[in-house]
Amino acid sequence: YPDQGMAEVASLYTVTRFAGEGVGGHLVAFALERARAAGFGRAFACTISDRVEAFFVRQGFTVVGPEEIPAAKWVDYPADRQGEVRCLVRALD
């Protein structure tokens with residue numbers, strides 16, 4: 001979402017046997033560094049999972065309302081998930 005200066009961390013997944021070893025944190029750190037290098041000022045993630053929300057909070061993201069996310073994210077977004085989605089944002093400076 002370059003017009004809004006925001007990058008999205010999407011479809012992040014690690015194999016369960018690596019849970020708790022920091023692999024996910026390293027993947028997010030790499031993605032955020034790439035977004036920063038590309039000139040983005042903020043990154044966001046969306047989830048319906050309590051566990052994933054807690055993971056992103058541990059990575060320095062803050063829970064925000066869906067209105068804080070670029071409107072283009074919600075085009076064709078599954079209607080059954082819209083009421084459950086939680087959004088998180090992190091500044092990249």
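Which residues are linked with Arg86 in a network of salt bridges?

## The network around Arg86

In this predicted model, the residues joined in a network of salt bridges are Asp50, Glu53 and Arg86. Side chains of opposite charge can pair when their charged atoms come close. Between Arg86 and Asp50, the closest N and O atoms are 2.4 Å apart.

The salt bridge from Glu53 to Arg86 has its closest N and O atoms 2.8 Å apart. This pair, too, links distant parts of the chain, with Glu53 in helix α2 and Arg86 in strand β4, 33 residues apart.

Glu53 has a relative accessible area of 17%, which is under 20%, and so Glu53 counts as buried.

## A pair within helix α1

Another salt bridge is formed by the side chains of Arg36 and Glu33, at 2.6 Å from N to O. Both residues lie in helix α1 (residues 23-37), where they are three residues apart, or about one turn of the helix. Arg36 is partly exposed, at 32% relative accessibility, and Glu33 is also partly exposed, with a relative accessible area of 43%.

## The whole structure

A search of the whole structure finds four salt bridges, among them the pair of Arg36 and Glu33.

Technical notes: Residues are numbered from 1 along each chain as its sequence is written. This is a predicted model: local features need pLDDT of at least 70, side-chain atom pairs count only at pLDDT 80 or more; totals for chains, interfaces and linings use all residues. Side-chain values use heavy atoms; hydrogens and water are left out. Helices (H or I, at least four residues) and strands (E, at least two) are DSSP runs, numbered from the N terminus. Buried means under 20% relative accessible area, exposed over 50%, partly exposed in between (1.4 Å probe, protein chains only).
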